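Subject: Structure handover

Hello,

Here is the structure for your files. Please open it next to this email as you read.

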Amino acid sequence: MSDITIRLATLDDASQLAWLAAQLGYPTTEADMAWRLAELLQQANDAIWVATGGQGDVVAWMHLYVDRNLLTNPVAMVGGLVVDSAHRRQGIGRILMLHAEVWGRAHGCEAVYIKSNVTREGAREFYESLGYTVIKTQYALLKELE
Ligand SMILES: CC(C)(COP(=O)(O)OP(=O)(O)OC[C@H]1O[C@@H](n2cnc3c(N)ncnc32)[C@H](O)[C@@H]1OP(=O)(O)O)[C@@H](O)C(=O)NCCC(=O)NCCS
């Protein structure tokens with residue numbers, strides 16, 4: 001953990017973000033990641049943090065955004081979080097989630113919110129170790145648009 005640095009993502013990180021997205025179960029081309037990243041980097045209500053190792057290589061990323069809706073006051077949503085499989089259990093996820101709390105407060109949020117697939121091994125234990133509580137289970141529904 002000693003050589004880890006946390007910083008905001010830049011467009012140059014697209015290929016490493018795509019590579020890690022595949023580990024999260026979302027295989028993504030570098031081109032697709034690059035245009036998504038370009039869009040999100042322009043949004044004040046989005047932030048993409050990366051953790052880099054000693055060689056400057058990206059070993060983890062986290063996407064945060066402010067979720068504004070009619071039913072709750074704003075919450076900081078974790079849109080995605082992944083630590084490279086070779087760097088897990090070294091405290092990197094914990095550090096990124098602490099950034100989520102700081103960023104959320106700075107953006108007027110009352111809570112940090114995560115939706116995590118029940119099939120993700122160890123994810124629930126990870127979040128619970130940081131003080132998060134499971135508040136519900138729900139269906140995820142999708143309709144492809146033609
Ligand atoms: C879940 C994930 C982000 C955790 O990141 P990490 O850097 O490995 O976690 P940390 O080292 O900061 O762990 C902090 C604490 O969380 C708990 N924890 C982390 N991973 C755990 C696991 N697999 N099983 C049980 N507890 C776990 C432990 O209490 C750990 O402290 P310890 O190592 O001192 O015991 C990482 O495993 C990952 O990227 N997994 C694949 C993608 C994923 O599931 N992302 C979450 C999407 S919702």
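Below is what was found in it, from the whole chain down to single residues.

First, the ground rules. This is a predicted model: local features need pLDDT of at least 70, side-chain atom pairs count only at pLDDT 80 or more, and totals for chains, interfaces and linings use all residues. Residues are numbered from 1 along each chain as its sequence is written.

**Overall fold**

The protein chain has four helices and five strands. Both are DSSP runs numbered from the N terminus: helices are H or I with at least four residues, strands are E with at least two. Along the sequence the pattern reads β-α-α-β-β-β-α-β-α. The radius of gyration is 15 Å, close to the 15 Å that the globule rule gives for 146 residues, so the protein chain is as compact as a globular protein of that length. That radius is taken over C-alpha atoms, and the rule is 2.2 Å times the number of residues to the power 0.38. Along the principal axes, the C-alpha atoms fill a box of roughly 45 × 40 × 30 Å.

Of the 146 residues, 25% count as buried. Buried means that 20 or more other C-beta atoms lie within 10 Å of the residue's own; exposed means 12 or fewer; partly exposed is in between; C-beta atoms are placed from the backbone. Of the contacts with a separation of 6 or more, 55% come from residues 24 or more positions apart. A contact means C-beta atoms, placed from the backbone, within 7 Å.

**The sheet**

Five strands form an open sheet in the order β1-β2-β3-β4-β5, with mixed pairing. Two strands pair if DSSP finds at least two bridges between them. The edge strands are β1 (5–8) and β5 (112–114), each pairing on one side only. Neighbouring strands are turned by 30° against each other on average, direction ignored.

Here are the pairings in turn.

- β1 and β2 run antiparallel over four bridges. R7 has V50 in β2 as its bridge partner.
- β2 (residues 46–52) and β3 are antiparallel over seven bridges. V50 stands opposite W61 in β3.
- β3 and β4 are antiparallel over eight bridges. Y65 has M77 in β4 as its bridge partner.

β2 and β3 make a hairpin with five residues between them. G56 in that turn has a positive phi of about 85°.

**Helix α1**

Helix α1 covers residues 14–23. Its buried residues are A14, Q16, L17, A18, L20 and A21. What covers them includes α2 (30–40), β3 (58–67) and β4. α1 packs on the sheet, touching β3 and β4, and its direction makes about 85° with that of β3. Axes here are lines fitted to C-alpha atoms, for helices over the stretch in contact, and angles run from 0 to 180 degrees between N-to-C directions. After α1 comes G25, with a positive phi near 100°.

**The ligand shell**

There are 19 residues around the ligand. To count as near, a residue needs its C-beta atom, placed from the backbone, within 6 Å. R88, G93, R94, G122 and E125 come nearest. The elements giving two or more residues to the shell are β4 (75–83), α3 (92–106) and α4 (123–129). α4 gives the most, with four residues.

By class, the shell has eight nonpolar, six polar and five charged residues. Nonpolar covers Ala, Val, Leu, Ile, Met, Phe, Trp, Tyr, Cys and Pro; charged covers Asp, Glu, Lys and Arg; the others, Gly among them, are polar.

L81 lies in strand β4. L81 is buried because 23 other C-beta atoms lie within 10 Å. Leaving out residues up to four places away in sequence, L81 touches M62, G93 and L96.

R89 is in the loop between β4 and α3. R89 counts as exposed because it has 10 C-beta neighbours inside 10 Å. Its phi is near 60°, a positive value in a residue other than glycine. Most residues other than glycine have a negative phi.

Y132 lies in the segment after α4. With 17 C-beta neighbours inside 10 Å, Y132 counts as partly exposed. Y132 touches I114 and Y127, again leaving out residues up to four places away in sequence.

Best wishes

Methods:
Two residues are in contact if their C-beta atoms, placed from the backbone, lie within 7 Å.
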